[in-house]
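This report describes side-chain packing in one protein chain.

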Amino acid sequence: MRIGTRAVRWGVPVAAMAVVAGVAVAGPVIAAVQAEPSLPRRTAAELLADAVEKWQSGRLPQMSGTIVETASLGLPALPVSGGATSPLGLLSGSHQAKVWYGGPDRLRLMVPDEMSESDLVVNGDQVWWWDSAANTATRVKGAPDGAGRPDAVPYAGTVTPTQAAEEALRAAGANTEIAVSEDATVAGRAAYQVVLTPKEAGSLVKEVRLAIDGETFVPLRVQLYAKGTAEPAFEVGFDSVTFTPPAPENFAFTPPPGAKVKEATAPSIARGPHDKDAVDRPEGAAPRVVGDGWDRVVVMSVPKRFEGDPAGAADRAKGGRDGDGVASLASGMLNAAAPVSGEWGSGRLIRTKLVSALLTDDGRLLAGAVTPEVLYAAAAAK
């Protein structure tokens with residue numbers, strides 16, 4: 001397993017302030033609670049403002065819990081390396097992670113796999129990454145101050161309710177209807193539900209439901225629905241959660257006897273020790289975003305050695321040499337996608353109920369929760 005480029009961000013971001021401001025002047029789009037509430041009534045503006053104030057104040061509650069992420073995007077079978085912790089591994093099936101948070105300098109995240117587990121342990125100035133499958137303990141040197149803050153810890157393949165909420169809030173804007181729905185019970189706790197409904201025709205998202213704890217204002221669950229569906233296409237939330245200080249032993253780590261002990265600097269860990277493509281990727285080939293709001297499209301370059309070689313890409317992915325998963329996705333697309341062409345050029349397209357992806361013949365991969373037409377427009381904007 002490896003530490004990749006995903007980052008766990010637990011705090012509601014500064015970008016949410018724009019959403020709050022937009023909601024505050026939205027007027028009629030803020031709906032009242034439909035059912036008899038068990039929690040004090042609040043508008044969407046009040047809820048989001050409370051959440052922003054709580055998290056930006058730094059008064060993060062100590063907690064522990066189990067997070068379950070479930071995806072049913074309708075993607076074709078893809079050659080995925082890295083198991084449950086790989087970015088592509090999160091695109092299908094169900095995955096679990098455990099979290100213990102004891103303050104800005106104490107955090108533990110654990111992702112179990114079939115016969116192994118991966119742990120990130122932050123205890124003061126001690127930062128460890130434990131990979132039981134490889135029997136390797138990596139001590140992270142030069143971790144910045146506050147590395148244990150949940151909004152600052154790099155950890156691959158883990159999506160938390162707050163990280164998912166962050167992405168939803170980042171996408172929200174003037175073209176989003178924001179309302180308060182009926183209260184919900186998540187992990188045994190009463191929660192408000194804020195519903196974000198995109199107005200942009202090019203989005204495949206019907207709505208996003210954010211469940212916010214009624215006492216701590218911590219996001220407990222995020223559900224993403226595709227247009228024309230009744231069940232969430234993506235869901236991440238707490239299966240269990242306790243807002244009490246975790247036991248100190250949860251943050252203690254000593255490499256087991258016989259384990260291989262290594263050292264790495266914080267930037268290397270953040271990028272990923274096995275991200276070989278990051279080493280030989282040409283300048284300017286990093287992923288970029290085209291558009292904004294719900295119509296955002298991610299554009300990235302496919303490594304030259306994988307273009308037109310789906311079998312070779314699959315073999316290399318299985319061998320653990322597909323550092324960022326781009327080649328794996330490109331390989332799956334080449335095998336399953338339909339040929340398409342237009343003024344933007346030619347390539348292959350996959351469309352699912354929630355995600356569209358385009359692999360162009362000139363070596364670009366474009367993806368987003370958008371219609372193919374939005375991808376074509378992004379492809380034309382070279």
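## Side-chain contacts and cores

The side chains of Ser-181 and Glu-182 are joined by a polar contact of 2.4 Å. The model is a predicted one. Ser-181 belongs to the loop that runs between β9 (176–180) and β10 (184–186). With a relative accessibility of 8%, Ser-181 counts as buried, because the limit for a buried residue is under 20% relative accessible area.

**Aromatic rings**

A pair of aromatic rings is described by the distance of the centres and the angle of the planes. Three aromatic pairs are present in the structure. One of them, formed by Trp-128 and Phe-253, is tilted, with 5.4 Å centre to centre and 50° between the planes. This pair links distant parts of the chain, 125 residues apart: Trp-128 is in strand β6 (residues 126–131), and Phe-253 is in the loop between β14 (234–242) and β15 (260–265). Trp-128 is buried, at a relative accessible area of 10%, whereas Phe-253 is partly exposed at 21% relative accessibility.

In the pair of Trp-344 and Tyr-376, the ring centres are 5.3 Å apart and the planes lie at 10°, so this pair is stacked; planes under 30 degrees apart count as stacked. Trp-344 and Tyr-376 also link distant parts of the chain, 32 residues apart. Trp-344 lies in the loop between β18 (338–342) and β19 (345–351), and Tyr-376 lies in helix α8 (residues 372–380). Trp-344 counts as buried, with 9% relative accessibility.

The two pairs are set out below.

| Pair | Centre to centre | Angle between planes | Class |
|---|---|---|---|
| Trp-128 and Phe-253 | 5.4 Å | 50° | tilted |
| Trp-344 and Tyr-376 | 5.3 Å | 10° | stacked |

Trp-128 and Phe-253 also belong to one aromatic cluster together with Trp-130. Elsewhere, a charge meets a ring: the charged end of Arg-108 sits over the ring of Trp-100, at 4.5 Å from the ring centre.

**Nonpolar cores**

Which residues touch the most other members of the largest nonpolar core? They are Val-194, Leu-196, Val-208, Leu-220 and Phe-238, in a core of 43 residues. The most is given to this core by strand β12 (residues 205–213), which supplies five residues.

Key. Residues numbered from 1 in each chain as written. Predicted model: local features only at pLDDT ≥ 70, side-chain atom pairs only at ≥ 80, totals over all residues. Heavy atoms only, no water. Helix = DSSP H or I, 4+ residues; strand = E, 2+ residues; numbered from the N terminus. Buried < 20%, exposed > 50% of the residue type's maximum accessible area, 1.4 Å probe, protein only. Polar contact = N/O pair within 3.5 Å; in protein donor to acceptor, adjacent residues only side chain to side chain. Phe/Tyr/Trp six-rings, centres within 6.5 Å; stacked < 30°, edge-to-face > 60°. Lys NZ or Arg CZ within 6 Å of the ring centre and 35° of its normal. Core = buried A, V, L, I, M, F, W, Y, C linked by side-chain atoms within 4.5 Å.
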